[in-house]
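Me: Hi! I have a structure open and would like to talk it through with you. Could you have a look?

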Amino acid sequence: MAAPRVEAALIVAAAGGLERTSILSCLALAFGFLPPKGSLVLCLDALDAEVMVDGTAPLTVGLAQLTSLAGRCGFEPATNPGYAAAANSGASTCRGMVFERARQVPRWRLTHVAAGDFEAFSILFLSAFGHAISLPLWRWKYAKGRGCAVGAWRGKDLIAHYGGSLRTVLAFGLPVQALQVCDAMVDPRERGVMTKTGAMFQVTAAFLECYQGLAHIPLAFGFPNWRAMRLGERLGFYAEVGALCELRWPAMGKLPRLSTRLRYLDPQSVADRRATGELWSAMARDLEDGLVGVRDWTFLRHRYLEHPDHRYELVLVTSRFTLAPLGLLVLRQEAESIALTDLVAPLKNIPRLLVQARRLAGLWGRTSLYCWITRQHAFRFVTKDMAERDIQVSIPTNTWVPQPFTPEQLHDRWWLTLGDTDFL
């Protein structure tokens, strides 16, 4: 017996029901079993009560994102929206829009990228970046709810990918959820990359619509190079709100310092974990007029101690006389230099930490120490023998969908270091 012909489908994104971020999967499923001109009702039953910064009601925002996503997945507004009344005829009200399945199959199949897609992901990663990625590193970024991604497929081939790792950020002293963009890539053989019909445009737009639009994640940031930043601005995705610079110093002599001393952090020590928490609290107070990723023990352990590919040295700088912790250095040894990947400390202690980091570079046989820091905070690291270099790495914010912070509010407000990137 032939399968019954399905003429209509209803998708409800409701509080406590279907997760809004799974909408791409539902749209792809609906496109697969509906015939051309079959009806689809996209329904938002209960959106959060918050109002966006521009005064737009959440329902309006949600429908705008659903309409856009539906169009990317092969649906168009219905010419005869008869199902709208049906959707509102029961005891519970469902506010939404009615769409029809288009006759033409979309050029790209958009999905959320999951662990089962790793083989296709790794093939694209190698093609786009020229080196392989391991499954443990993918899991470190994305597994157990740590990240999310949207992919564009042609058959079984992943053509473009746009991902993000979830991060807690203090925004003007208040904790908010943010997405750190990572693994934005497209098959180098793909044409039309820099156009609104290209696969890269589709995954970027769908990612922002799903996770900042429907899921209401208020912030997203990343580290595009100058060329990618200008392209994102031109396509309407980003506004630049800051930039990173590289600071470099020659290594110092190996003699001990008179007022400070060093020791490795002991991850098993309750006292050391408490010390890092106190250092982070002091740092957070110093940066409460801006934005900074949370650097508590949970973050430090996952980011540095559990990284599957890189080894980091976590070194506590303490007072020689009182033994009080002054700061935590996160260092990575390279062939000729030491990367000051991160630090956790009251900002007034940075000069003393920097001296000890340069001394360690000498002790470990390297010629220099370097760090990346947001440009407005470079003055905190200045010494007479410091060299500063523009590395043409920008910090963007989303302008594609509404968010609670304007680009003007975020301009030169981030504290970001090498440790905030995902690639070092």
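Me: Is Trp-249 buried or exposed?
Reply: Buried, with a relative accessible area of 1%.

Me: And what does Trp-249 touch, leaving out residues up to four places away in sequence?
Reply: Quite a list: Leu-354, Arg-358, Thr-367, Ser-368, Leu-369, Tyr-370, Cys-371, Phe-381, Thr-383, Asp-385 and Met-386. As for Val-382, its C-alpha is 9.7 Å from that of Trp-249, although 133 residues separate the two in sequence.

Me: What about the chain as a whole, how much of the contact set links residues 24 or more positions apart?
Reply: Such pairs make up 75% of the contacts in the protein chain that have a separation of 6 or more. The chain has 11 helices and 18 strands, and 54% of its 424 residues are buried.

Me: Okay, aromatics next. How many aromatic pairs are there?
Reply: The count comes to 18. One of them joins Phe-237 and Tyr-238, with 6.3 Å from centre to centre and 50° between the planes, so the pair is classed as tilted.

Me: Are Phe-237 and Tyr-238 buried or exposed?
Reply: Phe-237 is buried at 3% relative accessibility, and Tyr-238 is buried at 16%.

Me: And why is the pair of Phe-299 and Tyr-304 called edge-to-face?
Reply: Their planes stand at 85°, and an angle over 60 degrees counts as edge-to-face. The ring centres are 6.2 Å apart. Both Phe-299 and Tyr-304 are buried.

Me: Which residues form an aromatic cluster?
Reply: Phe-118, Phe-121, Phe-125, Phe-129, Trp-138 and Tyr-142 form one.

Me: Nice. Where does the charged end of Arg-101 sit?
Reply: Over the ring of Phe-31, at 3.9 Å from the ring centre.

Me: Last topic, confidence. What is the average pLDDT of the protein chain?
Reply: It averages 86, and 85% of the residues score at least 70.

Me: Where does pLDDT stay under 50?
Reply: Residues 12-20 are one such stretch, and the model gives them 20 contacts beyond four places in sequence. Residues 83-91 also have a pLDDT below 50, with 11 contacts beyond near neighbours in sequence.

Me: What should I make of the coordinates where pLDDT is low?
Reply: Where pLDDT is low, the predicted coordinates should not be read in detail.

How values were computed
Residues are numbered from 1 along each chain as its sequence is written. This is a predicted model: local features need pLDDT of at least 70, side-chain atom pairs count only at pLDDT 80 or more; totals for chains, interfaces and linings use all residues. Side-chain values use heavy atoms; hydrogens and water are left out. pLDDT is the predictor's confidence in each residue, from 0 to 100. Contact means heavy atoms within 4.5 Å. Rings of Phe, Tyr and Trp (its six-membered ring) pair if their centres lie within 6.5 Å; planes under 30 degrees apart count as stacked, over 60 as edge-to-face and the rest as tilted. Buried means under 20% relative accessible area, exposed over 50%, partly exposed in between (1.4 Å probe, protein chains only). A charge sits over a ring if NZ of Lys or CZ of Arg is within 6 Å of the ring centre and within 35 degrees of the ring normal. Helices (H or I, at least four residues) and strands (E, at least two) are DSSP runs, numbered from the N terminus.
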